[in-house]
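Some labels only make sense once the number is set beside the cut-off.

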Amino acid sequence: MRPEKKYLVEEARNMLGASEHLFFVSFAGVTVSDASAFRKALAQAGAQFHVAKNSIISIAAKELNLPDISSVLAGPTAVISGGNDSASVAKAVVEFFKARENADIKLGLLGEKVMTKADIEYLGSLPSLPEMRAKFLSLLSTPAKQMVRVVFMRAEKLGGGEEAAAQ
C-alpha cells in the first residue's frame, strides 16, 4: 500500500474509532454553505463529519472489526463521529437531512448495533442527555416537594400556620 493511502486509512481509522456512535450519510447535492451550517450544528453536539473515499472507509472499518457496512458504501459518503451524547448528534443529523432531497442517512452504528435510518430518526427524537438529567432530577425532587406541601397543609389545618410547621 502506498504511503499516501496508508495515511488516509490511518486517519479514517482514527475517525471511526473516535466514538461509540457513527452515522454514514449520502452527501450528494449538498452545497458548501449547507455543509458549513451542518458542521456548526454538529460542533454544538461535539461531533464532526468527514467525507472520505468508500474504499478507505471500508479498509479502516475492517481493521477496527466494525460490523459490515459495505452495503452503504456507494456514492459520496460522509461519516459523522464524535460527541458524548449520541441522541444530540442524531438529532442534528436528522434535522439537517430532513430538508435535503438528494442527501440521505444511510446507516448508523451505536456500539456494535447497526442502526437503520428509522432507528437513527428514533434516536434523534429522544431528549438529549442534559434534558434527561433535568427530567430525572425533577422526578427525584417531586416527592420531597409534595411531602413539604403536606406538612404545611397539615400545620395550617391545625391552626398554627407557618410557625407551627417550623417547630
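Q: How do you know how far to trust the protein chain?
A: pLDDT is the predictor's confidence in each residue, from 0 to 100. The protein chain averages 84, and 95% of the residues score at least 70.

Q: Where is confidence lowest, and where is it highest?
A: Helix H7 (residues 161-166) is lowest, with a mean of 53. S1 is highest, at 90. Where pLDDT is low, predicted coordinates should not be read in detail.

Q: What makes the span of helix H1 close to the expected one?
A: Helix H1 covers residues 3-16, which is 14 residues. At 1.5 Å a residue, 20 Å is expected. From first C-alpha to last, H1 reaches 20 Å.

Q: Which residues of H1 are called buried?
A: Buried means under 20% relative accessible area. In H1 that label goes to Val 9, Ala 12, Met 15 and Leu 16.

Q: How do you know that they lie on the same side of H1?
A: Their arc around the axis is only 120 degrees, so they sit on the same side of H1. The face turned away from that buried side carries Pro 3 and Tyr 7, both exposed.

Q: What do the buried residues of H1 pack against?
A: Their partners are strand S1 (21-26), strand S2 (47-52), helix H3 (54-63) and strand S3 (77-82).

Q: Why is the pair Glu 4 and Arg 2 called a salt bridge?
A: The rule asks for a Lys or Arg side-chain nitrogen within 4 Å of an Asp or Glu carboxyl oxygen. Here the N to O distance is 3.3 Å, so the pair of Glu 4 and Arg 2 qualifies. By this rule the count comes to 5 salt bridges.

Q: Why is Arg 2 called exposed, but Glu 4 partly exposed?
A: Exposed starts over 50%. Arg 2 has a relative accessible area of 58%, so it is exposed. Glu 4 has 48%, so it is partly exposed.

Q: What makes Asp 104 and Lys 117 a salt bridge?
A: Their N to O distance is 2.8 Å, and the limit is 4 Å. The pair links distant parts of the chain, 13 residues apart: Asp 104 is in strand S4 and Lys 117 in helix H5. Asp 104, at 29% relative accessibility, counts as partly exposed. Lys 117 is partly exposed too, at 33%.

Q: How do you know that Lys 113 pairs with Asp 119?
A: Their closest N and O atoms are 3.5 Å apart. The cut-off is 4 Å, so Lys 113 and Asp 119 form a salt bridge.

Technical notes
Residues numbered from 1 in each chain as written. Predicted model: local features only at pLDDT ≥ 70, side-chain atom pairs only at ≥ 80, totals over all residues. Heavy atoms only, no water. Helix = DSSP H or I, 4+ residues; strand = E, 2+ residues; numbered from the N terminus. Expected span 1.5 Å × (residues − 1). Buried < 20%, exposed > 50% of the residue type's maximum accessible area, 1.4 Å probe, protein only. Arc of directions from axis to C-beta. Contact = heavy atoms within 4.5 Å.
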